[in-house]
Amino acid sequence: MHTQPKSFVRAIQGEVQARPCFWLMRQAGRYLPEYRATRATAKGFVDLCLRPDLATEITLQPIRRFGMDAAILFSDILMVPHGLGQKLDFLEGEGPKLDPIVDAAGVAALEKNLGGFLEKLGPVFETVDRVKAGLPLDTALIGFAGAPWTVATYMVEGGTSKDFAKVRMLACREPVLFEKLIEVLVEATTAYLVRQVEAGAEALQLFDTWAGILPEDEYRRWAIEPAKEIVADLRTRFPSVPIIYFPKGSGSLYAYAAAEVGADALGLDTAVPLDFAKGLQRQIAVQGNLDPIKLAVGGAQMEDAIRRILEALAGGPFVFNLGHGVIPQTPPENVARLAEIVRSWRHRKN
Ligand code: 1CP
């Protein structure tokens, strides 16, 4: 059967649409009471990500309520280190904790596990398959992974970091070792995304949440180069599956990311000015960039901010999203209002 690609897929590929498509990073999560109820039935967060029945249910929850144009697989970027055998726990209220990678032996142990890595993450691919069967007709499924640099920050720091001193010092003092870690992650991430597409993912997003903390030379080396390799490989295998790269905090280097990575779309954080974003659209589709705080606060401030974004960007290649994830304090009614505004928007041609 040959069907036309879904609206969201076409939007990411650069088709300008009468009604902009939208989804929200972290659209499934703690702000939804039904997420909290489902999460309470799992042993922990890693267990939740590896239970296809629960992960499928959670992926579909925001779609049922708000009818986004795309669902994003419910999982986490840290499932790749978990699959590579690095010990991972999510402690209540504290975020992720990993046994940090500090030396060549640590990297070698990860490399040794590349062979069995995909089997360990088998339940994730089953979730993709199940979600696909449960989606409305024109709703697309986004698969994702963390970009190597961002995942490496958690692996070396042993969790969330304030100053990234450990990972930055390792990269500066032992670039050969750090390069090896990045190479292992490029290989693992590519294989992981390939399997997501084979299981049914129709678009992919590469999350590079901490790209923006790097100085320019290292930004090119540790963020852009590895992302570019992954994109090139996926592009060759799956020319019709579009890829979104989200290098949060890139500032003016967003222009470099747009030119170099080879992605179909760029995810923009809240700090990106709308006129700069409009300039990027001459080159690439953009996704973003409502401030998650505005969404949590709601009311006229939120509505004005949404309309400003639509006014500036909906006339070009665009998908509406936040500049970062939905925060747990967000009232679900505000998301419903956002959905209503975006869905009823019709772009005026100037
Ligand atoms: O307690 C809970 O219920 C866990 C909260 C939670 C959730 C809902 C975490 C822990 N991860 C997730 C899901 C998640 N994470 C998704 C699912 C799909 C969706 O968007 O709805 C995705 C895409 C991610 C990606 C992710 N995880 C990123 C990249 C995007 C971003 O938000 O910057 C990062 C950095 C992580 C690491 C992570 N996972 C969870 C925590 C608390 C953290 C640390 C965040 C930090 O260091 O600030």
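**View 1. Glutamate 119 is an exposed residue in this predicted model.** With a relative accessible area of 65%, glutamate 119 counts as exposed, because the cut-off for that class is over 50%. Glutamate 119 belongs to helix H7, which covers residues 117-120. Glycine 83 is 36 residues from glutamate 119 along the chain, and the C-alpha atoms of the two are separated by 8.3 Å.

**View 2. Arginine 10 is a buried residue in helix H1.** Helix H1 takes in residues 7-12. Is arginine 10 buried or exposed? Its relative accessibility is 18%, and a residue counts as buried under 20%, so arginine 10 falls in the buried class. Once neighbours within four places in sequence are left aside, the contacts of arginine 10 are Gln4, Pro5, Glu15 and Gln17.

**View 3. Eight strands form an open sheet.** The order across the sheet is S1-S10-S9-S8-S7-S6-S5-S2, and the pairing is parallel. Which strands stand at the edges? They are strand S1 (21-22) and strand S2 (70-72). Each of these has a single partner strand, so one side of each has no neighbour in the sheet.

**View 4. Strand S6 is enclosed by the rest of the structure for the most part.**

**View 5. Strand S6 pairs with S5 and with S7.** Strand S5 (residues 140-146) is joined to S6 by 5 bridges, and the two run parallel. Within this pair, phenylalanine 144 stands opposite glutamine 205 of S6. How many bridges join S6 to strand S7? There are 4, and S7 (residues 243-246) also runs parallel to S6. Leucine 206 has tyrosine 245 in S7 as its bridge partner.

**View 6. Strands S8 and S9 run parallel.** Strand S8 covers residues 265-267 and strand S9 covers residues 285-290; 3 bridges join them. Leucine 266 is found opposite valine 286 in S9.

**View 7. Glutamine 283 lies in the loop that leads from helix H14 to S9.** Helix H14 spans 274-280. Not counting residues up to four places away in sequence, glutamine 283 touches Ala258 and Ala259. Proline 331 is 48 residues away from glutamine 283 along the chain, and their C-alpha atoms are separated by 36 Å.

**View 8. The whole chain places the close-ups in context.** The chain contains 17 helices and 10 strands. Its C-alpha trace spans about 60 × 45 × 45 Å along the principal axes. A compact globule of 350 residues would have a radius of gyration near 20 Å, and the 19 Å of this chain agrees with that. Of the 350 residues, 58% count as buried. Among contacts between residues at least 6 apart in sequence, 74% join residues at least 24 apart.

Note on methods: Residues are numbered from 1 along each chain as its sequence is written. This is a predicted model: local features need pLDDT of at least 70, side-chain atom pairs count only at pLDDT 80 or more; totals for chains, interfaces and linings use all residues. Side-chain values use heavy atoms; hydrogens and water are left out. The radius of gyration is taken over C-alpha atoms; the globule rule is 2.2 Å times the number of residues to the power 0.38. Buried means under 20% relative accessible area, exposed over 50%, partly exposed in between (1.4 Å probe, protein chains only). Contact means heavy atoms within 4.5 Å. Two strands pair if DSSP finds at least two bridges between them.
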